[in-house]
Amino acid sequence: MDEVIAHLSADPRLEADAASKIASVLKNMYDVLAKAPTQRPVVACHLRAASALRPGVPHRLNSMLGAMHDKLAERVAAGEL
C-alpha cells in the first residue's frame, strides 16, 4: 500500500490533493476488503491401541502427546504455524 501511495504522490500528472484523495479511497477499500489471517485448527488424535501396549506405555505416551499438543497449540496461537 505504501508503494502505491508513493507512486501516486510521485506522478507528475496528479496534483497533490488528487493523489491524496486516490490514496484515501484505496486505503478505505483495503481496510474494508482485507481479511485478518485465520488461525488453523490444532489437530488432535485418539489412540485406540492402548489395550495392546505394555503396562505404563499408554500413560507415558499420553503425557508425551499432550506435551506435543500443548506446544503446537502455543505455536499456532503465536502465528508460527
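Read along the sequence, the protein chain of this predicted model follows the pattern α-α-α, with 3 helices and 0 strands. Buried residues account for 7% of the 81 residues in the protein chain, and the average pLDDT of the protein chain is 83.

**Confidence**

- A pLDDT of at least 70 is reached by 81% of the residues in the protein chain.
- Among the helices, confidence is highest in helix H2, residues 16–33, at a mean of 93, and lowest in H3, at a mean of 84.
- Where pLDDT is low, the predicted coordinates should not be read in detail.

**Helix H3 and the residue after it**

- Helix H3 comprises 21 residues, 57–77, and at 1.5 Å a residue this helix should span 30 Å, which agrees with the 30 Å that separates its end C-alpha atoms.
- H3 is followed by Gly79, a residue whose phi is positive, near 80°.

**Surface**

- The protein chain has an accessible surface of about 7300 Å², and carbon and sulfur atoms contribute 59% of that area.
- Val25, Met29, Val32 and Leu33 together make a nonpolar surface patch of about 420 Å².
- Within this patch, Val32 is a residue of helix H2, and Val32 counts as exposed because its relative accessible area of 67% is over the 50% cut-off for that class.

Key. Residues numbered from 1 in each chain as written. Predicted model: local features only at pLDDT ≥ 70, side-chain atom pairs only at ≥ 80, totals over all residues. Heavy atoms only, no water. Helix = DSSP H or I, 4+ residues; strand = E, 2+ residues; numbered from the N terminus. Expected span 1.5 Å × (residues − 1). Buried < 20%, exposed > 50% of the residue type's maximum accessible area, 1.4 Å probe, protein only. Areas by Shrake-Rupley, 256 points an atom, 1.4 Å probe, with all protein chains shown as cover. pLDDT = per-residue confidence, 0-100. Patch = residues over 30% accessible without salt bridge, like charges linked within 9 Å, V, L, I, M, F, W, Y side chains within 5 Å. Salt bridge = Lys/Arg side-chain N within 4 Å of Asp/Glu carboxyl O.
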